[in-house]
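Subject: Handing over a two-chain model

Dear colleague,

I am passing on the structure we spoke about, and below it you will find what came out of going through it. Please read the notes with the structure open beside them.

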Amino acid sequence: MSFRTGALLGLAFFLAGCGGGGSSSSGKHRVGLVFDLGGRGDKSFNDSAYEGVARAAKELGIEFDYIEPGDGADREAALRQLASSKDELIFGVGFLFTDDIALVAKDFPNKKFGCIDFAVNPNSKMPDNLVALKFREHEGSFLVGAIAGLVSKTNAVGFVGGMDIPLIHKFEAGFAAGAKAVNPKVKVLTGYAGVTGEAFKNPAKGKAISYSQIGQGADVIFHASGTTGLGVFEAAREKKIFAIGVDADQFSEAPGFILTSMLKRGDVAVYKTIEALLTGRFKSGVQEFGLAEGGVGYVYDANNKSLIPEAVVKRVEELKAKIVKGEIKVPAS
Amino acid sequence: MGAVIDLLNQAVRIAVPYILAAVGGTICELGGVVNIGLEGMILTGAFCAVLGSFYTGSAWAGVLAALMGGGLAAWLHGIVSIRYRGNQIISGLAVNILAGGITKFFLKAIFHSSANSSRVEGIGSWSLGFVSKIPILGEILSHPLLLLTLALVVLAQLLVYKTPFGLRLRAVGEHPECADTLGIRVHRMRYAAVILSGMFAALGGAWLSMDQHQFTDNMSGGRGYIALAALIFGKWTPAGAAAAALLFGLAEALQIHLQTMGLRVPNQFIQMIPYVATIVILAGAIGRTKPPAADGKPYPEGD
């Protein structure tokens, strides 16, 4: 009996475990990638990071491999595995890698490391073979906030965050500032789905928070909450309001109800880091990607052209130019 | 006033998976089998509902598929814990881990995404005119799955306390030796209880995915564990478990509304409400609770 339970557990761990892939060896430069929870196919920043290496493979002629740790699997072991291989540069995708990648980078001083959304701790020195790839999410969020503030007919907009952490507060702060910059009367309602990683995977909660915000008058809701946001989209469909996507263009999740999406270009950060490595310009420390670097932005294309009036886009483009020039400082918290 | 009604309606909707899983878990434990696999059975139900709806185009076929999937997952738990008399906690945990892995595996295989499935036919509210405007009752009457949930709670309570099946169920949970000597097939009763609990939990999962029109990775989000707390708080009666689950739903709805109201309290405090409620309730407010005497104890039938 205990054998059978053991076998069951074993099978479970196997299925929950890891997948991976890659390409064979040759004289080319090699890059490794360890994905966050969700892994490839998350339609969000894991896929975005993958696009970055895939583009580098095509245009810069590198080779790459990757590991997808399953839920609760050992990120550190995955990083070590790639660091021990021929890979010269190893990426960790997501803030969850912060502690592990700093540790592994110290143990492999001859390799380079990059970590998307690395949570910089001002009290501890970062290893000098590690680059923290940070985004100025607040700048992109400011622009979609401005769109929301201009499009809202009720003068109330909502923000749904996943886990209640400083990283997500940047989205909230930028969004609120953007909405208020163009519409001083606007009310910004906010809600977070939780205080653990699960908060990024709870669509029912996202829907409940949206219902509550719509009940208080919100007619445009921006989310930064992983698949929790799919609940926001569902609420938008049911209550006929607009939602704003995040990280990638989420239009296809609820066509007609996604006003725009705040883009966070993990692919740009990954590609530029690889390019820097190949040209010998790799720099450790913190690299920030904002509007000026094309690291964040918003979607305005054939899909959502009919949803956003031209005057609104014009106004938002003006704001964008001012942020890039430094005339507007967007708050990050 | 409008906000209060919103809050109560919201509480009911949030509570559905808690209620169904807690009532199912109660039946299971009354029969003498601990079921911490509820979480995995909710997840399995959510996924099977989407599969059923995806392949047939009918949300109700999805619900049927959820019942089968949940029953199957529960049967697995039954084989380990009843037939092979394995540790019920470990077996339940294995079901949870297995469900997480298998659903993700098939999500990728079928829908080519590690995040979410395609959008499928779901189950929404029907409009009943003015009836839908009545607080709480209107909300329940306007949604077939809410109505079904209410009916199932009543049925489960009747099943346990007013039918021969219920009497035998409680007998094998309290004193299986005694029941055995009276000619009750202990294992068969326990299998029935476990599979029934899996179906209840799976229906809770179907609610999650049918309301969302899609499956998302790990969308059960720990609801099975809240349901476990609810069934203890409910003192191992179906109606009690449902009431406790409603209370947890209310705490969570309150937490959401306080955030929307922009209360300047650190968010962590608001987020704590459902958990503090759980601890306070479990620790003191309900007095002594007594699980069925043979709860969690395997019974060697025929030895």
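The domain assignment of chain A, whose bounds come from an automatic or database domain assignment, gives domain 1 (22-135 + 266-289) and domain 2 (138-263 + 300-325). The C-alpha centres of domain 1 of chain A and domain 2 of chain A lie 29 Å apart. Seven residues from domain 1 of chain A and four residues from domain 2 of chain A take part in the contact, where two residues are in contact if their C-beta atoms, placed from the backbone, lie within 7 Å. On the side of domain 1 of chain A that touches domain 2 of chain A there are two nonpolar, two polar and three charged residues; here Ala, Val, Leu, Ile, Met, Phe, Trp, Tyr, Cys and Pro count as nonpolar, Asp, Glu, Lys and Arg as charged, and the others, Gly among them, as polar.

Before going further, please note that this is a predicted model, in which local features need pLDDT of at least 70 and side-chain atom pairs count only at pLDDT 80 or more, while totals for chains, interfaces and linings use all residues. Residues are numbered from 1 along each chain as its sequence is written, and chains are lettered from A and ligands numbered from 1 in the order in which they are written.

The pLDDT, which is the predictor's confidence in each residue, from 0 to 100, averages 90 in chain A, with 91% of the residues scoring at least 70. Over residues 1-25 of chain A, however, the pLDDT is below 50, although this stretch has 54 contacts in the model beyond near neighbours in sequence.

Chain A contains ten helices and 13 strands, counted as DSSP runs numbered from the N terminus (helices are H or I, at least four residues; strands are E, at least two). Its radius of gyration, taken over C-alpha atoms, is 21 Å, close to the 20 Å that the globule rule (2.2 Å times the number of residues to the power 0.38) gives for 333 residues, so chain A is as compact as a globular protein of that length. Chain B, by contrast, has twelve helices and zero strands, and its radius of gyration of 19 Å agrees with the value near 19 Å that a compact globule of 303 residues would have. Buried residues (20 or more other C-beta atoms within 10 Å of their own, these atoms being placed from the backbone) make up 57% of chain A and 58% of chain B.

As for how the chains meet, 43 residues of chain A are in contact with 42 residues of chain B. Helix 1 (2-16) of chain A is one of the elements that give two or more residues to this side of chain A, and helix 1 supplies the largest share, ten residues. By class, the side of chain A that touches chain B has 17 nonpolar, 16 polar and ten charged residues.

Not counting residues up to four places away in sequence, Ile19(B) touches Thr149(B), Val153(B), Ala242(B), Ala245(B) and Leu246(B).

With best wishes

Definitions and conventions. A residue is buried if 20 or more other C-beta atoms lie within 10 Å of its own, exposed if 12 or fewer, and partly exposed in between; C-beta atoms are placed from the backbone.
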